[in-house]
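Reader: I'm new to this one, and I'd like to learn how to read it. Can we go through it together?

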Amino acid sequence: MKSISILARSFRMRLIGATGLAAILVAGVPPLLSAKPISLSAEQVANLSLQTQSAEPVDVAPLGSFPGTLTPTLQGRQMAAAPFAGLVQSVRVVEGDQVRAGQVLATLYSPEAVRISGDLGQSEVAYRSALASARRTRTLADEGILPVARAEEVEAQAAALGVQVRMNRQLLGGGAGGAFTLRAPISGRVSRVDLKPGEGVDAMSGGIVIDSSDALWVEVRLSASKASSVKVGDLVAIDNVETRGKVIAVGRAVDPKTRTVLLRAEVAGLADRFPGEMVNVTLLARVKEPTVALPRDAISRNGDTSQVFIAEGNRYTARAVEVVGYDGGKAYVTGLSGKDVVVTSGVSQLKALSERQG
């Protein structure tokens, strides 16, 4: 009977302990992983090289790290394309060249250009004649010999011919006899050349791409669940780039092939990088519950649980935390407050002492 009573008391104590632990977890208070705090003298602290730091409350924390691709900004990119099909005669630039607006990029030949060249000659003759007629008519109208409306009509006809002349000249780009030239629409750097001498090109299908600046975007593909947590204005960090960027666009449709959503961010400090380069991108989103940042070295593992050591005077106690994410040398965790002081150096030695004591 005595042994039965002892077993009953033991069972009740275990039940009370489990219930108490459940109450703590429900209340959201991180459990202490060490039943007994470790008390150390000043000499022991020095021997273990323990260093501490206060946890830093933050408003944003890493949502995760994802592969990204650097791309030129859409606003600063233009393409010089062949207006009609033809044969490439020469290409005068290569990728990386700096060009100015109006500079000749390539020369092509096309039977269509022969017709346009003929039309240009005829329209130039007609335009000169129309201008002379418009001047004469305006003079007569000013003297009251002809109605003003007649002068305005002749001037409008001349203006229409002038538009046709300018359009044909623009199509030919200064070329003649079936040749036409491609000219830079803007000043900037040549980023892509799709033309090769001796090869044919279809109308508006191939050309030379120019970027007006070295500014780059970073594009990231996210699952729909992750993309729903990102907002325009959230911060991003790129490995080995000091400055942080901002999210400028989050797609509202899932790509049917990749089942992902496109995110674009603008990041400064990428002048020495190249379009198409792959980078590692960390997304920093606004936190939904109290979160702190602390050195990554402060985190240790206890089985499947992440833990830190809280310093209170000469007493050190292990406490469970949940790691939200990492950004460089920092870890972002929940389960602590800005009042907590954590051990940042000598963590492994303190963990060994805790395990021997526990």
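Author: At 37%, K330 counts as partly exposed. Bear in mind that this is a predicted model, where local features need pLDDT of at least 70 and side-chain atom pairs count only at pLDDT 80 or more, while totals for chains, interfaces and linings use all residues. Residues are numbered from 1 along each chain as its sequence is written, and side-chain values use heavy atoms, with hydrogens and water left out.

Reader: How many helices and strands are in the protein?

Author: Helices (H or I, at least four residues) and strands (E, at least two) are DSSP runs, numbered from the N terminus. Here you get six helices and 21 strands. Of the 358 residues, 37% count as buried.

Reader: How do I read a salt bridge, and how many does the whole structure have?

Author: Look for a side-chain nitrogen of Lys or Arg within 4 Å of a carboxyl oxygen of Asp or Glu. A search of the whole structure turns up nine. One of them joins E56 to K330, with the closest N and O atoms 3.5 Å apart. E56 belongs to strand 3 (residues 56-72) and K330 to strand 20 (residues 330-334), so this pair ties together parts 274 residues apart in sequence. E56 is partly exposed, at 38%.

Reader: Which residue forms a salt bridge with R138?

Author: That's E155, and the closest N and O atoms are 3.0 Å apart. R138 is in helix 3 and E155 in helix 4 (residues 148-172), so the pair ties together parts 17 residues apart in sequence. R138, D142 and E155 are linked in a network of salt bridges.

Reader: What about R319 and D340: buried or exposed?

Author: Both are buried. They form a salt bridge too, with 3.3 Å between the closest N and O atoms. R319 sits in strand 19 (residues 315-327) and D340 in the loop between strand 20 and strand 21.

Reader: And what does T344 touch?

Author: Contact means heavy atoms within 4.5 Å. Leaving aside neighbours within four places in sequence, T344 is in contact with Q51, T52, Q53, P295, D297 and A298. T344 lies in strand 21 (residues 341-345) and counts as buried, at 15% relative accessibility.

Reader: Where does the charged end of R296 sit?

Author: A charge sits over a ring if NZ of Lys or CZ of Arg is within 6 Å of the ring centre and within 35 degrees of the ring normal. The charged end of R296 sits over the ring of Y326, 3.9 Å from its centre.

Definitions and conventions:
Buried means under 20% relative accessible area, exposed over 50%, partly exposed in between (1.4 Å probe, protein chains only).
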